[in-house]
Amino acid sequence: MSPRRVNRRIAVGSAAGIAALVITVGPAAGFALADSGVNWDKVAACESGGRWSANTGNGYYGGLQFSPGTWHANGGTGSPDQATREEQIRVAENVVRARGTGAWPNCMAGAAGHSAPSRRTPVAPAAKSLPASVDNPAGDYTIQPGDTLSAIADRLGVQGGWQRLVELNPAALTNPDLIFPGARIVTK
């Protein structure tokens, strides 16, 4: 075999070996780009200085600084600081699927890839509020600071409770949750 052919075989074999090594060792060497596109090693570097077994006493644990509630709600068992790096990343991916990347607001910049948008909870449209309750000039009770319709009904022994007070004052108690001191209501 010519020296040129030997060199070519060595080069091809070396390239294949290096590719296999990168595929096999890559994740262990710190390439933690997961399904979400998040580089979890960057997040861990920001959150815990890259210490996957971090337990600093601040109530958050592991490299990604999970609270116990978040950890368990997203499939973690035991304590995050005792879990492997891979297990922490698995749970973090569950968090991203459930809530987006907002669980790491200070450390996600530059760590999120193309497919991990932060999910924000949609804001519900504001409920139509009822007009505030008003004074009933025929009332026999004046509302005091700190009063609630339930407390008034209990204190005065009104049969039917606060609902009965609303029935007795249909024009005045338009919003049973919003009453004002000084307003009068009928209680009998």
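Trainee: Why is C107 counted as buried?

Mentor: Its relative accessibility is 8%. Buried means under 20% relative accessible area, exposed over 50%, and partly exposed in between (1.4 Å probe, protein chains only). The value 8% falls under the limit, so C107 is buried.

Trainee: What kind of model is this?

Mentor: This is a predicted model, where local features need pLDDT of at least 70, side-chain atom pairs count only at pLDDT 80 or more, and totals for chains, interfaces and linings use all residues. Residues are numbered from 1 along each chain as its sequence is written, and side-chain values use heavy atoms, leaving out hydrogens and water.

Trainee: Why does C46 count as partly exposed?

Mentor: C46 has 44% relative accessibility.

Trainee: What makes C46 and C107 a disulfide?

Mentor: The S to S distance is 2.0 Å. A disulfide is a pair of cysteine sulfur atoms within 2.5 Å, so the pair qualifies. C46 sits in helix α2 (residues 40-48), and C107 in the loop between α4 (85-99) and β1, 61 residues apart. Helices (H or I, at least four residues) and strands (E, at least two) are DSSP runs, numbered from the N terminus. By the sulfur rule, the count comes to one disulfide.

Trainee: What is the hand of the link of C46 and C107?

Mentor: Left-handed, with -65° about the S-S bond.

Trainee: How do you know that the buried residues of α5 are on the same side?

Mentor: The buried residues of α5 (residues 149-156) are L149, I152 and A153. They cover an arc of only 95° around the axis, which puts them on the same side of α5. The arc is that of the directions from the helix axis to the C-beta atoms. An α-helix has 3.6 residues a turn, so residues three or four places apart point the same way.

Trainee: What covers the buried residues of α5?

Mentor: The cover includes β1 (141-142), α6 (161-168) and β2 (184-185). Contact means heavy atoms within 4.5 Å.

Trainee: What makes up the lining of the largest pocket, by residue class?

Mentor: Six nonpolar, four polar and two charged residues. Among the lining residues are E47, R99, W104 and P105. Asp, Glu, Lys and Arg count as charged, so E47 and R99 are charged. Ala, Val, Leu, Ile, Met, Phe, Trp, Tyr, Cys and Pro count as nonpolar, and the others, Gly among them, as polar. A pocket is an open set of points on a 1 Å grid over the protein atoms alone where a 1.4 Å probe fits, with protein on both sides within 12 Å along at least five of seven lines; lining residues have an atom within 4 Å of a point.
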